[in-house]
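Here is a short report for a first look at this structure.

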Amino acid sequence: MNEYLDLGLITSFVPAASSFAGDIDFLFDLITIIVGFWFVITLATLFYFMIRFRRREGVKALYISGEKHSEKVWTHYPHYGVIAFDVFLIGFVIVVWVNVKQTLPANEDTIRAIGQQWSWSFVHTGADGKLDTEDDVNTVNDLHVIKDNTYHFELQSRDVLHNFAIPAFRLRQDTIPGRTIRGWFKPTISGTFDLQCAEICGRGHSMMFAAITVHPDRKSYDETMDAIRAGTYESHFEKKRQLGPVPLPFTVSKSEADSPYAIELAQSF
Ligand SMILES: [Cu+2]
């Protein structure tokens, strides 16, 4: 849907790095345009009346009770408009919700993310593509995936509510103790992105961040997995921390397969 509309409200700050990121941005843009249009009209009317009917010498103010039909339409008609625009928006929201949250497309691989106060543990499947087997690869605060592969995730929590959030993917999902929550994502840009807890989960919440690295191909991914197994892995999470925040303004066009920042990060490891 974002092919028709992209104001860059979000992509100016965070790249759209998953298959459904554009759809989420489209909703933000649509809401901004509709709400912004009526915001301007409403305030323009308000200020026009304030100036047009300002206090004047010898002119007595008219007392309006708002009980007559001709006066009530000033609130009724805008209400109908609000409902009509709400229904219009909800139509798009339902389509995106069904595609992102209620559909589970076939996957290439599965990852497990476990939140706890205050870090993330990740489980990668290893060569057999199955979790809970001998060759699983466990990491802390470092998640690795491959570009253009569809992943199912399993979210768990060891203690309290957390939220598995990857802003570049426009993905957020609560983790709930005692439950395994499933969902999916498909990364479309390689690089290392922020992954953070987005649910106040105690006094260390702000430190509960991690990194997700989207590898351009399987070779790069396998090399990293081998390095983790061999104990020679240098944490991408630590490297990202040392690089500091993403420089602004930062834009990624759809035609760019890899963002400048992603390339800079990719070259750094
Ligand atoms: Cu948390």
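The text below starts with confidence and moves on to the fold elements.

This is a predicted model, in which local features need pLDDT of at least 70, side-chain atom pairs count only at pLDDT 80 or more, and totals for chains, interfaces and linings use all residues. Residues are numbered from 1 along each chain as its sequence is written.

**Confidence.** pLDDT is the predictor's confidence in each residue, from 0 to 100. The protein chain has a mean pLDDT of 88. In that chain, 88% of residues reach 70 or more. Over residues 250–269, pLDDT stays under 50.

| Element | Residues | Mean pLDDT |
|---|---|---|
| helix α5 | 260–267 | 46, the lowest |
| strand β6 | 162–166 | 97, the highest |

**The sheet.** Five strands form an open, mixed sheet in the order β4-β10-β9-β6-β7. β4 (142–146) and β7 (171–175) each have a single partner strand, so one side of each lacks a neighbour in the sheet. Strands pair if DSSP finds at least two bridges between them. From one strand to the next, the twist averages 25 degrees. β6 pairs with β9 (residues 191–197) in the antiparallel sense, over two bridges. Phenylalanine 164 stands opposite cysteine 197 in β9.

**The helices.** Helix α3 (residues 218–230) packs on the sheet and touches β4 and β10 (209–215). Contact means C-beta atoms, placed from the backbone, within 7 Å. The direction of α3 makes about 150 degrees with that of β4. Axes are lines fitted to C-alpha atoms, for helices over the stretch in contact, and angles run from 0 to 180 degrees between N-to-C directions. Helix α4 (residues 236–243) lies across β4, β9 and β10. α4 runs at about 110 degrees to β10.

Terms used. Helix = DSSP H or I, 4+ residues; strand = E, 2+ residues; numbered from the N terminus. Contact = placed C-beta atoms within 7 Å.
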